[in-house]
Each structure stands twice: as C-alpha cells, then as structure tokens.
Amino acid sequence: MNLKNKIVVITGGTKGLGKAMAMVFLENEAKVIVCSRDDKRPDDLEGNIFWVKADVTKEEELKNLAYFVVEKFGKIDIWINNAGIWLPHMPIEEIDWGKRAHDLIEVNLFGTVYGSKIALAQMRKQNSGLIINILSTSALNGLKNETAYCASKFAASGFTKALMKEVDRNNIKVNAIYPGGMQTNLFDERKPEIYNTFMDPNEVAEKIVENLKKDKPEEELIIKR
Ligand SMILES: NC(=O)c1ccc[n+]([C@@H]2O[C@H](COP(=O)([O-])OP(=O)(O)OC[C@H]3O[C@@H](n4cnc5c(N)ncnc54)[C@H](OP(=O)(O)O)[C@@H]3O)[C@@H](O)[C@H]2O)c1
C-alpha cells in the first residue's frame, strides 16, 4: 500500500508504540490522527499530528473521534486499535480482579471492540479500509503471573480473528500485530525484571509500517524480541 495521503487513526497514539507508529506514518506522508485520555493536547506531540481527546472505553468518545476524522478528511483508510494498559506481574491471588483487571479488560478488549466497530461502520460506507489491532505475544502463550493481561489480549485476539472472517477481505481488511516486550510507558508502574532486553518501539513501528507497504502484507504479524 502506498501510504501517501492515507488517513490513519491511532488510538493511544501519544506515547510508546502508538506515538512511534504515528511518526513512521508521517514520514510516509500519511495524515495521522491520534487520541488519548489527556485533557489537552500533549506538548510533545509532533505538530503535524492531529489529536482528539477520547477514552477507548467510552464508545461515544470514539464515535466523536471518527466523526472528527470523517468531517475533516472525508474517510478513514487505516484505524489502529493500539491503546492498551498492563498490570504488574503478580500471582492470581494478588490481582485486584474486582477493579484493576476489569479496567484492563475494558481498555484492552472493549477498547478494541468499540474501535473496530466504529471504524468498520465508516469503512463499510466507503467500501474500503484496514483495521489493525495491536495485540501482544501475551496473546499467543499463557505467561506466569500475567493471568489478567494474557486474558485481555487472548480475548482481543479471539475477537480479531473472528472479525477477520466477518469482513469481506477484498476491500476491507482486519490485521493483527503481536509485538513482544517494548521499552514504553506501559511499564511506568513497575518494570519487569527483563525490561532491559525489551525492543525499541521505534523499530517495532518501522516493521509494522514496512509490512503494510508490501504487496501482500502479513495479516497476522508477530514481532518478537
Ligand atoms: N510495551 C510492550 O511491551 C507491549 C508489548 C506487546 C503489546 N503491547 C501493546 O501495545 C499497545 C501500546 O502500548 P505501549 O507499550 O505503547 O504503552 P504506552 O507507552 O503506555 O502507551 C499507551 C497509549 O495508550 C493510551 N491509552 C491508555 N489507555 C487509554 C484509554 N482508555 N483511552 C485512550 N487511550 C488510552 C495512552 O495514553 P493516556 O494514558 O495518556 O490516555 C498512551 O498513548 C498496547 O495495546 C499494549 O498492550 C505493548
């Protein structure tokens, strides 16, 4: 795909992988719109990136994001469900399943569901578009002390695999990305012990965009450390 002038929406594009992808899309002359929960546009966001306040757990706010994009640019070519949160590694007994695991699943699963649904509605009107869901290698294997995060990402992966079969796959496509550990703000609360071995999100973003530029991009791309 030639990315020049493509309209690309990235949820959670103000930090980490989302921000890194935004920069690579800009380098490829795409128009980039990101969202986050901040009350105002983050100061360190590149000037050419459009920003909208939207919490992915609130369907109405994501609808407003899509509305903004379609009003301004007339279409959505690529919608990336990237916003995600994490929980520090701990055994099942220590996880706050009542609140924190619920919040995790709200963002990592329902944020992806709402984003996909809203993007798809617009893409069906256009009869074109690509939805990309950022999952994790934690959606491929169960990992010790990561029951909640793995559950959220396995669920988002199941949703994505099912949605891939639901769209027509000619004009509208759904792709899944499974990155391994990256050095990002995801781990601000507590860094995993092996954090130093994690990847640079800029390199992962390059690989995601390079894949899209191929004649036949991988529909499910695993990017391991
Ligand atoms: N880092 C890793 O090792 C790794 C590995 C595999 C997969 N992933 C996945 O990659 C994606 C990006 O993570 P990251 O590592 O780049 O994390 P990050 O640096 O913490 O960035 C997360 C982004 O998501 C936004 N966000 C979080 N909750 C949101 C919400 N409810 N609504 C809107 N935006 C929200 C954040 O902005 P605000 O908090 O300011 O709203 C931020 O822009 C996530 O889906 C994550 O699960 C990460």
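Reply: On a 1 Å grid over the protein atoms alone, a cavity is a set of points where a 1.4 Å probe fits but cannot get out, while a pocket is an open set with protein on both sides within 12 Å along at least five of seven lines; lining residues have an atom within 4 Å of a point. Grid points are joined across faces, edges and corners, and a volume is the space filled by probe spheres set on the points. This is a predicted model, in which local features need pLDDT of at least 70 and side-chain atom pairs count only at pLDDT 80 or more, whereas totals for chains, interfaces and linings use all residues. Residues are numbered from 1 along each chain as its sequence is written, and side-chain values use heavy atoms, with hydrogens and water left out.

Me: How many cavities of 30 Å³ or more does a search of the whole structure find?
Reply: The search finds one. The largest cavity holds about 40 Å³ of space.

Me: Which residues line the largest cavity?
Reply: Its lining consists of Leu87, Pro88, Ile95, Asn145, Glu146, Thr147, Ala148 and Tyr149. By class, five are nonpolar, two polar and one charged. Here Ala, Val, Leu, Ile, Met, Phe, Trp, Tyr, Cys and Pro count as nonpolar, Asp, Glu, Lys and Arg as charged, and the others, Gly among them, as polar.

Me: Asn145 is in that list. Where does Asn145 lie?
Reply: Asn145 lies in the loop between E5 and H4. Helices (H or I, at least four residues) and strands (E, at least two) are DSSP runs, numbered from the N terminus. Phi of Asn145 is near 65°, a positive value in a residue other than glycine.

Me: How accessible are Asn145 and Asn5?
Reply: Asn145 counts as partly exposed because its relative accessibility is 29%. Asn5 is also partly exposed, at 41%. The cut-offs are under 20% relative accessible area for buried, over 50% for exposed, and partly exposed in between (1.4 Å probe, protein chains only).

Me: Changing topic to pockets: how much space lies in the largest pocket?
Reply: The largest pocket holds about 1,300 Å³. Of the 50 residues lining it, Trp86, Tyr149, Thr184, Leu186 and Phe187 are the closest to its centre. Two or more lining residues come from each of helix H1 (16-27), strand E2 (31-36), helix H3 (97-126) and helix H4 (147-166). The lining has 20 nonpolar, 16 polar and 14 charged residues.

Me: And how much space lies in the second largest pocket?
Reply: That pocket holds about 360 Å³. Among its 16 lining residues, Met1, Leu130, Asn170, Lys173 and Pro217 lie nearest the centre. Strand E5 (129-134) and strand E6 (172-179) each give at least two residues to this lining, which divides into four nonpolar, five polar and seven charged residues.

Me: Which residues is Leu65 in contact with, leaving aside its neighbours within four places in sequence?
Reply: With those neighbours set aside, Leu65 is in contact (heavy atoms within 4.5 Å) with Val9, Ile33, Cys35, Val52, Ala54 and Trp79.

Me: Why is E2 largely enclosed by the rest of the structure?
Reply: E2 is largely enclosed because five of its six residues are buried. E2 also pairs with E1 in the parallel sense over five bridges, where pairing requires that DSSP finds at least two bridges between the strands. Thr11 stands opposite Cys35 in E2.
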